[in-house]
There are 6 protein chains.
Amino acid sequence: MSPPGFSNFKFFNVTVPSQHVVHVEINRPEKMNAFYGPMWFELKAIFEQVSVDPEVRCVLLSGAGDRAFTAGLDVAEASKPDNPLTSPGAIDPSRKATILRRHILELQDVVSSLARCEKPIIALMHGYTFGLGIDLSSACDIRFCLADTKFCVKEVDIGLAADVGTLSRLPKVVGGVTSWVKEICLSARVFSAEEAKQNNFVSRVISGGKAELLKEGLSFAQYIAGKSPVAVQGTKAILDAAWGRTVEDNLNYTAVWNAGMLQSTDVQRAMLSGLRKKTPTFEKL
Amino acid sequence: MSPPGFSNFKFFNVTVPSQHVVHVEINRPEKMNAFYGPMWFELKAIFEQVSVDPEVRCVLLSGAGDRAFTAGLDVAEASKPDNPLTSPGAIDPSRKATILRRHILELQDVVSSLARCEKPIIALMHGYTFGLGIDLSSACDIRFCLADTKFCVKEVDIGLAADVGTLSRLPKVVGGVTSWVKEICLSARVFSAEEAKQNNFVSRVISGGKAELLKEGLSFAQYIAGKSPVAVQGTKAILDAAWGRTVEDNLNYTAVWNAGMLQSTDVQRAMLSGLRKKTPTFEKL
Amino acid sequence: MSPPGFSNFKFFNVTVPSQHVVHVEINRPEKMNAFYGPMWFELKAIFEQVSVDPEVRCVLLSGAGDRAFTAGLDVAEASKPDNPLTSPGAIDPSRKATILRRHILELQDVVSSLARCEKPIIALMHGYTFGLGIDLSSACDIRFCLADTKFCVKEVDIGLAADVGTLSRLPKVVGGVTSWVKEICLSARVFSAEEAKQNNFVSRVISGGKAELLKEGLSFAQYIAGKSPVAVQGTKAILDAAWGRTVEDNLNYTAVWNAGMLQSTDVQRAMLSGLRKKTPTFEKL
Amino acid sequence: MSPPGFSNFKFFNVTVPSQHVVHVEINRPEKMNAFYGPMWFELKAIFEQVSVDPEVRCVLLSGAGDRAFTAGLDVAEASKPDNPLTSPGAIDPSRKATILRRHILELQDVVSSLARCEKPIIALMHGYTFGLGIDLSSACDIRFCLADTKFCVKEVDIGLAADVGTLSRLPKVVGGVTSWVKEICLSARVFSAEEAKQNNFVSRVISGGKAELLKEGLSFAQYIAGKSPVAVQGTKAILDAAWGRTVEDNLNYTAVWNAGMLQSTDVQRAMLSGLRKKTPTFEKL
Amino acid sequence: MSPPGFSNFKFFNVTVPSQHVVHVEINRPEKMNAFYGPMWFELKAIFEQVSVDPEVRCVLLSGAGDRAFTAGLDVAEASKPDNPLTSPGAIDPSRKATILRRHILELQDVVSSLARCEKPIIALMHGYTFGLGIDLSSACDIRFCLADTKFCVKEVDIGLAADVGTLSRLPKVVGGVTSWVKEICLSARVFSAEEAKQNNFVSRVISGGKAELLKEGLSFAQYIAGKSPVAVQGTKAILDAAWGRTVEDNLNYTAVWNAGMLQSTDVQRAMLSGLRKKTPTFEKL
Amino acid sequence: MSPPGFSNFKFFNVTVPSQHVVHVEINRPEKMNAFYGPMWFELKAIFEQVSVDPEVRCVLLSGAGDRAFTAGLDVAEASKPDNPLTSPGAIDPSRKATILRRHILELQDVVSSLARCEKPIIALMHGYTFGLGIDLSSACDIRFCLADTKFCVKEVDIGLAADVGTLSRLPKVVGGVTSWVKEICLSARVFSAEEAKQNNFVSRVISGGKAELLKEGLSFAQYIAGKSPVAVQGTKAILDAAWGRTVEDNLNYTAVWNAGMLQSTDVQRAMLSGLRKKTPTFEKL
């Protein structure tokens with residue numbers, strides 16, 4: 001059952017495992033959580049709602065079943081004739097280009113709804129995390145995985161340059177266009193959890209099974225949810241604006257952001273609690 | 001005693017441990033080198049002077065005492081009524097926002113005086129390196145620490161998004177907006193020297209105590225001070241301009257910079273010394 | 001003998017070790033593959049040709065002989081009187097600056113011909129990889145090295161800030177302006193293969209000797225050459241555009257790029273082969 | 001009656017005065033076409049539909065009635081208690097800031113739906129064109145007005161810096177942050193059609209009354225609608241990307257855009273028609 | 001006599017001709033208000049004070065005497081031996097380059113203190129407005145001039161590319177790098193008030209003499225000073241950030257800025273006064 | 001006859017009408033100076049030579065014959081089967097896109113060779129100035145025309161978005177993406193000299209015929225050629241870098257540029273000549 005305030009979704013389980021924490025589970029395990037048409041729109045709807053829900057302070061994203069976070073795009077579905085990518089028809093290439101561009105922008109916008117979500121998102125990955133799995137988790141803030149996770153920037157294997165976010169966000173979240181980034185993106189080779197950790201894609205590789213993964217994810221989400229939401233959400237916004245802009249521009253942006261935000265009652269509450277060694281509570285945001 | 005050419009400062013020891021090397025020590029050990037009002041202005045004055053002093057080729061920054069590089073902002077001081085951050089008074093929020101913005105820009109400018117310093121700065125960190133400790137060391141060029149250093153991007157714990165530089169410079173100095181960067185900035189959890197090394201924040205974790213830290217810092221500073229100052233200072237300037245700009249713009253900037261700088265007598269001196277296996281000496285800069 | 005379609009070059013061996021793979025070997029081993037005047041123009045000519053040769057899908061770059069990938073600029077040659085860098089003559093500093101700027105831009109353009117090459121380049125490094133060796137390999141896509149490789153951003157030692165690419169591309173390919181980047185660039189100290197791996201400069205340190213290095217390089221080049229060239233070359237182009245630009249701009253660029261490229265027959269071929277567990281073949285590009 | 005394919009809208013008349021041309025008329029003349037809540041969402045819905053409707057090649061935007069294009073925000077409505085801008089309640093300033101920011105971004109997004117519309121929009125202005133009237137018309141491509149139009153960047157008069165687009169787009173559409181731009185934005189003084197023409201805000205001041213304005217607008221829209229839609233829409237997209245980016249980046253973007261678009265059958269049709277002195281026809285886009 | 005709160009300055013008359021309006025007059029008429037050493041520092045001190053003085057809402061900048069706004073740099077003074085620009089001495093060109101760069105940055109910072117001033121500045125120009133006169137007025141917000149003003153981007157005539165702001169700001173304030181901008185900057189030819197108006201450099205050419213110029217300047221300054229200072233100063237800040245950045249970035253900046261600023265009591269006061277047809281009063285800022 | 005140092009060109013007359021001034025005349029008057037294949041390469045060769053020829057200080061670009069500056073692309077030639085734009089053949093759209101992109105980048109590079117030319121170029125336009133005529137003249141620094149010039153951004157009429165520079169440079173040289181820019185680019189309508197002047201595209205409309213045009217062009221070129229070439233060329237470089245970058249970045253670029261250039265002997269010569277009321281002479285550049 002979905003928590004109050006959340007509609008029922010067909011392809012996602014949305015639950016509230018703990019106060020201020022929402023868990024979004026991709027729920028198509030029989031297809032290794034592969035994505036097709038209607039799932040995209042549900043996903044965007046969920047994150048647009050979460051973004052502004054004042055009860056939510058941290059989000060977990062995981063995949064149902066034992067086998068996969070998500071195996072990526074459902075290629076069998078994508079091969080069907082109504083898909084813009086593969087639809088036949090001898091239409092003019094410039095017109096087909098227009099249709100494709102609109103379609104890509106639309107899918108990018110779904111993935112970007114995670115990046116735009118005002119609340120931090122922790123991706124919890126296990127098993128197959130292929131293609132779209134990299135796009136989606138790169139749009140999250142924090143990435144944890146199990147030791148057995150198999151990652152792959154799969155797109156080259158289906159004849160295309162990854163188009164819905166990986167190539168734009170992977171350099172941002174691992175730091176630069178490294179030799180390793182080029183290796184995995186140009187070859188579509190599978191990489192391990194250990195490799196993901198060494199190359200800064202995940203910050204934690206968790207021992208054990210999915211239960212341990214969810215437990216550690218929830219524990220860290222609760223930790224963040226206990227902090228001032230004004231501080232946490234501002235930190236996310238400012239950090240994300242650092243990429244592709246100069247330090248000077250980001251410093252100025254920080255000053256303007258904080259001009260409004262430092263007036264928060266959270267500052268007094270947090271400082272006072274700190275001095276009194278007590279746990280502060282904060283108003284909704 | 002301060003070296004000739006440096007005024008006496010109340011909160012900082014400024015010494016010249018070796019030719020061309022200046023050591024700036026934060027000197028408020030009884031408060032774990034925590035910062036409050038007057039210290040900011042001294043710090044800026046020191047680095048503005050060092051930046052253009054032709055005798056200086058490399059700078060060390062450390063904290064006095066055994067306990068801390070700096071514990072950050074002195075929260076007790078910051079809670080006093082005359083601080084813009086916490087001053088009461090039911091003034092109009094837009095006017096308070098203006099005052100806060102000016103105040104943040106002023107403090108940012110102090111931290112930026114380190115980043116703007118034409119000479120390389122090596123931060124030598126030990127013990128508590130919290131809040132402002134991260135802001136300051138991120139504005140340095142090179143970071144070494146002792147194995148027992150305790151780091152923390154503390155700001156979320158006092159109800160605010162870090163506002164004087166960390167969020168703008170940490171992605172630059174560790175490479176991207178990684179999962180680890182988000183982890184430590186969103187949660188304000190403490191991280192260790194080992195973690196700092198694995199995530200590229202420091203380039204060396206030094207065994208032993210403060211004496212070893214200072215010794216290794218000084219040794220490396222002397223090494224840099226032996227190089228052509230024209231080459232060293234140009235390298236710093238060009239590297240810092242790489243972030244947030246394209247490779248093409250940076251290449252052009254390098255060409256314009258070097259149009260003037262390659263006319264240096266240092267080039268002939270360095271080349272000749274190299275061929276003759278001798279140690280070159282260079283004019284002041 | 002050079003392969004059909006490639007002219008004979010004096011300072012480079014250009015061979016085709018395998019279908020769609022070209023191997024460019026710097027061939028001046030008696031001088032540790034150090035560069036001087038005429039070599040620059042050959043290098044650019046080779047990569048401009050490779051970039052658009054429809055038979056080529058992946059390129060290897062290595063150095064002949066046992067001792068060096070390249071020891072960098074041939075300083076003895078650079079010290080000769082006809083070199084703009086060191087030519088005497090009491091000409092007006094502004095006019096000398098103009099000549100130097102043009103000269104730097106010309107050399108930068110040679111190094112940039114590798115970065116602009118539409119096909120991925122794998123740098124295979126061993127022995128001395130100094131100065132220009134870092135400039136060149138930073139302009140490649142993937143970097144492998146032997147365990148005994150000795151790296152050095154050497155320019156500070158000859159009195160100048162590295163001017164033909166290292167300072168602009170190193171932050172891009174290792175991720176940020178890290179403490180380590182500043183360490184090695186400001187000091188010109190030698191660093192090891194292990195250090196290069198830990199700091200993301202190379203993605204693989206290969207055990208054994210040059211034979212093993214070339215074998216692993218060739219093997220990976222063949223793997224990439226088996227993929228859709230439309231997908232591979234698009235991936236390279238989009239990843240390289242990520243640095244210094246915002247995620248939003250890069251996403252839009254990706255959409256426009258793929259509007260034309262997703263109409264490729266490679267997509268159907270790759271998808272169909274994937275479903276049929278066969279190896280696809282792709283038209284030239 | 002709305003044309004087939006367009007829903008009925010309450011506050012806008014949407015008609016098809018000529019093949020491929022849509023006319024959107026703001027229809028609240030009794031309030032001088034001032035905007036309030038529900039109108040925003042209708043406006044966005046219309047332009048999102050127009051943007052991708054293959055029958056549409058050019059759009060006209062005008063205001064119903066004799067008195068105004070639009071008098072701007074309906075201040076009386078905006079003063080009501082449910083408006084985020086003016087709602088009372090002693091909530092925490094940081095939380096109010098968050099609500100306001102979301103609200104502004106939402107309204108900006110409506111105005112940006114005009115800027116994002118793939119088809120060119122011609123704003124036809126008469127009478128009062130205040131506040132939001134400047135925001136909206138600045139997001140259009142071409143601006144014509146009657147000689148009696150009264151323009152005003154009104155926001156300073158209601159105590160705020162214009163927040164939904166004028167300050168971001170006026171410098172782009174008139175060329176720079178001129179003395180005149182500062183004059184009218186800092187003072188909220190009314191400016192005339194003649195002044196608008198001299199300062200490049202409108203490209204035509206039309207003599208006569210609304211009939212003449214609509215006639216000339218329609219005539220020019222028909223002229224554009226007769227051209228290749230691939231060429232027209234590409235031209236709009238590339239021109240809009242010129243602002244805030246370098247010439248080099250824009251040239252590259254143009255090349256990537258046209259890689260797909262020059263394959264259009266429109267090129268052959270247009271060239272052939274040109275040589276044969278005939279009027280070409282083009283497929284839908 | 002200077003107004004309360006302003007120190008006495010040697011080279012500038014600083015008066016308060018009307019509530020909230022400050023008049024800064026360059027006062028070295030015997031040298032046609034040409035600038036030399038000590039004047040720069042006074043100018044910066046004045047504008048840093050004005051920027052944050054809560055009594056000030058608008059600033060006028062003019063030149064004393066009948067002959068000039070300012071004739072620019074005092075070349076006779078600049079030719080003296082202690083000037084970095086012309087000091088003799090056979091020092092190393094790279095070291096001289098460093099000294100020159102620091103000196104230029106210092107002078108640029110003086111001119112930028114006008115651009116950074118939070119309050120709008122109206123430049124009132126007459127007679128000779130040469131060299132630095134263009135740098136300074138380009139850093140103001142609004143430019144009015146008398147019909148007899150003689151403008152000149154004079155630097156090419158003294159052998160240098162204008163270095164303290166004109167080349168960076170003129171494209172911003174007249175709109176682009178037009179043929180006219182190139183004409184006047186490459187040739188150092190004098191241009192008239194009429195030409196300045198036609199090319200958007202000034203927004204008003206005023207008939208009559210200095211009295212009329214000052215009167216119209218004061219009148220417009222009073223008009224602006226009557227508006228909400230929160231609205232006026234926000235408008236200036238956001239407009240200035242439009243140049244060199246994308247519309248999307250500027251829209252976001254506007255939203256963040258206004259998140260704090262729309263909470264101003266000025267909004268209610270302004271709206272209410274508007275509805276009641278009364279003149280609002282606003283708190284200091 | 002071409003001047004010493006210039007090769008003979010087939011499609012261009014290159015002469016030296018006056019010391020330091022080169023005149024490049026497009027010379028295919030029987031085809032209204034329309035461009036086809038071989039002309040592009042000659043044009044680039046000329047401007048690459050002119051850019052670094054120390055004898056040249058200013059360049060004139062005009063069209064031979066009475067009828068046209070240039071009628072643009074020779075559409076009849078472009079329609080021939082070997083042109084990438086219109087070549088038939090059912091090749092894969094992604095591969096055709098690659099070929100087209102390379103071809104466009106190559107042609108853009110020719111036009112950019114004018115923009116990159118270190119010496120100022122004055123375009124002197126008469127008669128038909130269509131399509132490529134706008135691309136080329138937009139890449140020049142200064143634009144003069146006769147009163148009878150007929151301008152047209154013609155590309156939409158041949159089914160494409162202008163691809164070799166107009167859309168990227170027109171906003172830069174007229175100031176923004178104005179209503180007028182959109183009008184002429186979206187409609188391909190012809191515009192007059194007067195319109196070109198009003199909208200800042202040309203800075204002078206010259207009365208009379210071609211003789212007067214050439215005379216005024218030459219006169220102004222001589223005027224510029226009399227100034228310090230260090231100052232003139234620096235001014236061009238810095239002004240061109242202003243577009244698409246922030247004022248802050250441009251100021252810093254100016255400081256670095258001038259660090260080398262202010263050491264010019266031109267400064268002393270120019271200042272001294274100014275004080276002595278003599279005409280200075282300057283060394284070659």
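Predicted model: local features only at pLDDT ≥ 70, side-chain atom pairs only at ≥ 80, totals over all residues.
Is the crossing of H10(A) and H10(E) left-handed or right-handed? Keep that one in mind, everyone, and we'll get to it at the end.

Let's start with how the copies are arranged. Two copies of a chain are related by a rotation about an axis and a shift along it.

Now, which surfaces do the copies use? Only 14% of the interface residues of chain A are also interface residues in chain B, so the copies meet through different surfaces.

Take the side of chain A that touches chain B. There, 51 residues of chain A are in contact with 44 residues of chain B. Strand E7 (142-146), H5, H8, H9, H10 and H11 of chain A each supply at least two residues of this side. The largest share, 11 residues, comes from H10(A). By class, this side of chain A has 25 nonpolar, 17 polar and nine charged residues.

Next, the side of chain A that touches chain C. Here 44 residues of chain A are in contact with 51 residues of chain C. Helices H3 (93-116), H5 (166-174) and H6 (179-187) of chain A are the elements that give two or more residues to this side. Its residues divide into 22 nonpolar, 12 polar and 10 charged.

Let's look inside chain A for a moment. Its domain assignment gives domain 1 (12-225) and domain 2 (229-276). The C-alpha centres of these two domains of chain A lie 27 Å apart. Seven residues of domain 1 are in contact with five residues of domain 2 in chain A. On the domain 1 side, those residues are two nonpolar, no polar and five charged.

And now back to our helices. Two packed helices are described by the angle between their axes and the distance between the axes. For H10(A) and H10(E), the angle is about 25° and the axes are 8 Å apart. Angles under 35 degrees count as roughly parallel, and H10(A) and H10(E) are therefore roughly parallel to each other. As for the opening question, their crossing is left-handed.

Who meets whom there? A:Val256, A:Trp257, A:Ala259 and A:Gly260 in H10(A) meet E:Val256, E:Trp257, E:Ala259 and E:Gly260 in H10(E). By class, that contact has six nonpolar, two polar and no charged residues.

Conventions
Residues numbered from 1 in each chain as written. Chains lettered and ligands numbered in written order. Contact = placed C-beta atoms within 7 Å. Helix = DSSP H or I, 4+ residues; strand = E, 2+ residues; numbered from the N terminus. Nonpolar A, V, L, I, M, F, W, Y, C, P; charged D, E, K, R; others polar. Axes fitted to C-alpha atoms, helices over the stretch in contact; angles between N-to-C directions. Parallel < 35°, antiparallel > 145°, perpendicular 65-115°, else oblique. Left-handed = near helix turned anticlockwise from the far one by under 90°. Domains from an automatic or database assignment.
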